[in-house]
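Dear colleague,

I am handing over the structure below, and after it you will find notes on what turned up when I went through it. Please read them with the model open beside you.

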Amino acid sequence: MDNEIYRLPRERLDSLIERLARDYRVVGPVKQGATWMWTDVRPGMPLALDYPTTMLPPRQFFAPMRETLFRYHRGDDGRFAFEEPAGERPFALLGVHGCDLTALRVLRAFHESSCRDRLVPGRLDRSFVMGLACWTPCLPESFCRDMGSLESESPASLYVWDIGGVLLVKVQTARGREIMRDVGALDAATPDELVALRKRLRTRPEAFPAQLQFAPEKLATSLKAAESDILWEATADRCLSCGRCNLVCPTCTCFDVGDQASLSGGDGTRTRSWTGCQVPGFSRVAGGHDFRPGRAQQLRYRIFRKGKYMPERYGMVGCTGCGRCATHCPTHISIREIFLQVGRAP
Amino acid sequence: MRPRVAFFSFGSCEGCQLQVLSVEDVLPELLSVVEVVNFREAMDDRGDDYDIAFVEGSLVKPDDVAELQQIRARAKILVAIGACACLGGVNAMRNRRPVTELAREVYDGRQDGVFAALPDASPLSSVVQVNYEIRGCPIDRIEFLEAVRSLIAGTVPYVPPFAVCVECTLRGTPCLLERGIPCLGSVARAGCNAVCPAYGAPCEACRGFHEVPNFEALGEAFFRHGMTRTLAAEKLQLFNNYREVREAWEQAVPSSSAT
Amino acid sequence: MPQVSMIPEACRILAVTPHNSRDIHFVVEAPKQGFTPEPGQFVMVSLPGIGEAPFSLAALPGEGTAEGTFEMLIRRIGRLTNLITQLKAGDVLYVRGPYGRRVEWDQFEESNLILLAGGLGLAPLRSFVRRALGRRDRFGRIDLLVGARSPDELLFRTDLLVWASRQDDVHVHLTVDAAREGWDGRIGVITSLLDGLAVDTAGTTAFLCGPPVMYRHCLRRLLAMGLYEHNLWLTLERRMKCGLGLCGNCQVDGHYLCSEGPLVSYREVRHLRDVV
């Protein structure tokens, strides 16, 4: 399938959306006010293939921000009966950048390890992903090239290069080919187009200047030398414990569980919702003891989880270099700068 | 037996009572689980026999103190509702200047109809033990109902320990601070589902602060987004000016009077 | 692998015994399917509409309590436990589990056992004691060291009396932090109970459960006595929200204690941060 690169005239995107909508709930980046958000798309809507990433990552389609685990209802015998929500329509994600494709692989690696949740892997299996190549960094804080996610083209059934004018689409799965065939877009890219693509890919790294002076695989070892609280305190002094870094991260997976109920308590739901290691209360036990109470400890935990624990346990670095956490941190605590400092240390 | 509940009001706009009344869709269900014996905004009857007292408003008049103490003596559970009752709220903005001076300025020296005022407008907890707080200006109706549900079930209401930013981000609201709008969400306590930022209005921390507010960093955040640190202090005074609340932040955030 | 559900099962409370004003002992019907916990595992218990929390097992089915039942000691300490501790026999709890690592007991056979329980820590360790006493001939000397803040806060007093009367099987040592007149037992921290304990260092396994501060002192002392790191077992408390290795609230250095613990050996965790 490697060489199956087809032409998709831009105006045919609508046919693609239409075709996918038969089997999926189709979402893609759409400009809303000053930002771009993952939005349900219909034919005719302006899909922003030039979007500079979204605040909330695509993991929302595999582990929703707030998800009903089950509903409960008190029966006549006074006991509660439980009911799981019906299966939802699978998602088709259009225009996923390399960083977020990488994050989907991280999510799969995590969920297929010791963890016993099957909801997320099931959704990853059923979904349809169309990847999208980047030509410029999304954010000043992006360092995807350094983290190796700029070139990431999987998991995606289709992978798109927008070379201006026509879209070039690489078919990467049988399902992807089926969709392209249904859309009637199986015209091979012309030699000229392929030359243009190769040229752009060759010069692309120039737009992504190296930000780290070391390979991400080295992070785990470098971080090992950065255990001391003191190293983290100055940066942590700037932390508001607002939790935004966790919530916008494409590879964070932690959640909280809570109950909602009617006034009489007879009906309700148990839900899980996103939280993270920077959110107050996360590592606290009943009675109030917090096993990771300080901002410095918490900041170190987040960085260690991404740079050390995740590669050690799941075989993939937990940071894709997407730049979201630093961009959306009110005081601009930058994981890129932290990695840089840690990697620079002797 | 349904617990008897009563609503009382001190210095406030009574907007929190109106929030309670706005639960029309569940009012029948609410009345099936509690018996309301005192609710000035909604009924004429006055009962003095109650289990749970919901009290809004801050203490502003000398008479308020004894009245609140009486409520405390009668109620098994006293719940402060709203920013005024929990924090002193906007009323406490006046605490920075002598009340005589303010009276002269506002009422232009007239005495008729001007009631006696306490030197400081203060939250209920400055005078009596408050069992639980439902914060916000006004309170959130869903949070109010959740609190009622917890109390009638016999346990404590849930209070989120984290920042408004958590709820705001999960709603997908673009950050106001990032657009140079002076938002206090990063130090403010969640529970309101970040309703103000969702409509473009910055958070004013009407629910007080989350568990570990970092006020130095708030000043830094304002500065990084093109605002002054003193603006942070000015914003904080709106709802969090009562002496003991103010102590939490005033050392950390330079105010214009200090600089 | 099948989808793992977080739906609990309604389990009837069979007996309720207060140990003091805030610690309540429950005997509960066990979930019907596959409920064969090992000591150190835990259950998730909930009341729909209020919430869910992890609880250790104070007795395992058929080990000092009837088959098809288990026991818990629950302290009134928060939103959920305020309500659970008001429940009576015949009421229903919603239970799922067991969760946590299954530590094989074969490895402890022929070993001497020291069990150190501080406060509520006696609840999980009670199932350890019962496991050991149920297979008494497979273990060497057994010492149970129990610390409490005050005599009033000593838990499982009936068990302690019964065990104390079985001196050939288990040596029970008690201490309290402070006591009023009338207490003729020992006053002091739990580590003081280790004084004068004759220990075969290579052949002794210790199990610890108690408040965070207890671990550091006890570990230091046990190591100084010469016990091996791999023979020191800790049950670590964390606020598990799922039990499935997913929610992350129980993480210690990337390890998910709901699945890799809560029972861990000191050797496995001594290099980790923020363990106790």
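Chain B is divided into domain 1 (4–153) and domain 2 (164–246), where the domain bounds come from an automatic or database domain assignment. Taken over C-alpha atoms, the centres of domain 1 and domain 2 of chain B are separated by 25 Å. Between them, 18 residues of domain 1 of chain B are in contact with 14 residues of domain 2 of chain B, two residues being in contact if their C-beta atoms, placed from the backbone, lie within 7 Å. On the side of domain 1 of chain B that touches domain 2 of chain B, the largest share, 3 residues, comes from helix 4 (residues 82–87) of chain B; here helices (H or I, at least four residues) and strands (E, at least two) are DSSP runs, numbered from the N terminus. That side of domain 1 of chain B divides into 8 nonpolar, 5 polar and 5 charged residues, with Ala, Val, Leu, Ile, Met, Phe, Trp, Tyr, Cys and Pro counted as nonpolar, Asp, Glu, Lys and Arg as charged, and the others, Gly among them, as polar.

Before going further, please keep in mind that this is a predicted model, in which local features need pLDDT of at least 70 and side-chain atom pairs count only at pLDDT 80 or more, while totals for chains, interfaces and linings use all residues. Residues are numbered from 1 along each chain as its sequence is written, and chains are lettered from A and ligands numbered from 1 in the order in which they are written. For the complex, the predictor gives an ipTM of 0.95 and a pTM of 0.95. Chain C has a mean pLDDT of 94, with 99% of its residues at 70 or more, pLDDT being the predictor's confidence in each residue, from 0 to 100.

Next come the contacts between chains. Where chain B meets chain A, the contact takes 32 residues from chain B and 31 residues from chain A. On the side of chain B that touches chain A, at least two residues each are supplied by helix 2 (27–33), helix 6 (141–153), helix 7 (164–171) and helix 9 (215–224) of chain B, and the largest share, 6 residues, comes from helix 9 of chain B. The residues on this side of chain B divide into 20 nonpolar, 5 polar and 7 charged.

Is helix 7 of chain B mostly covered or mostly uncovered? Helix 7 of chain B is mostly covered, since 7 of its 8 residues are buried, a residue being buried if 20 or more other C-beta atoms lie within 10 Å of its own, exposed if 12 or fewer, and partly exposed in between, with C-beta atoms placed from the backbone. Among the buried residues of this helix are B:Val164, B:Cys165 and B:Glu167. The buried residues of helix 7 of chain B pack against strand 4 (66–74), helix 9 (244–248) and strand 11 (267–274) of chain A, together with helix 8 (195–198) of chain B. After helix 7 of chain B comes B:Gly172, whose phi is positive, near 80 degrees.

The contact between chain A and chain C takes 36 residues from chain A and 34 residues from chain C. Strand 10 (255–261) of chain A is one of the elements that give two or more residues to the side of chain A that touches chain C, and strand 10 of chain A gives the most, with 6 residues. The residues on this side of chain A divide into 15 nonpolar, 9 polar and 12 charged.

Finally, chain C itself has 6 helices and 15 strands, and is divided into domain 1 (9–99) and domain 2 (105–269). The C-alpha centres of these two domains of chain C lie 21 Å apart, and their contact takes 19 residues from domain 1 of chain C and 18 residues from domain 2 of chain C. In chain C, 7 strands form an open sheet with mixed pairing, in the order 10-9-8-7-11-12-15, where two strands pair if DSSP finds at least two bridges between them. Strand 7 (residues 112–118) and strand 11 (residues 204–209) of chain C pair in the parallel sense over 6 bridges, and C:Leu116 has C:Leu208 in strand 11 of chain C as its bridge partner. Buried residues make up 52% of the 276 residues in chain C.

Best wishes
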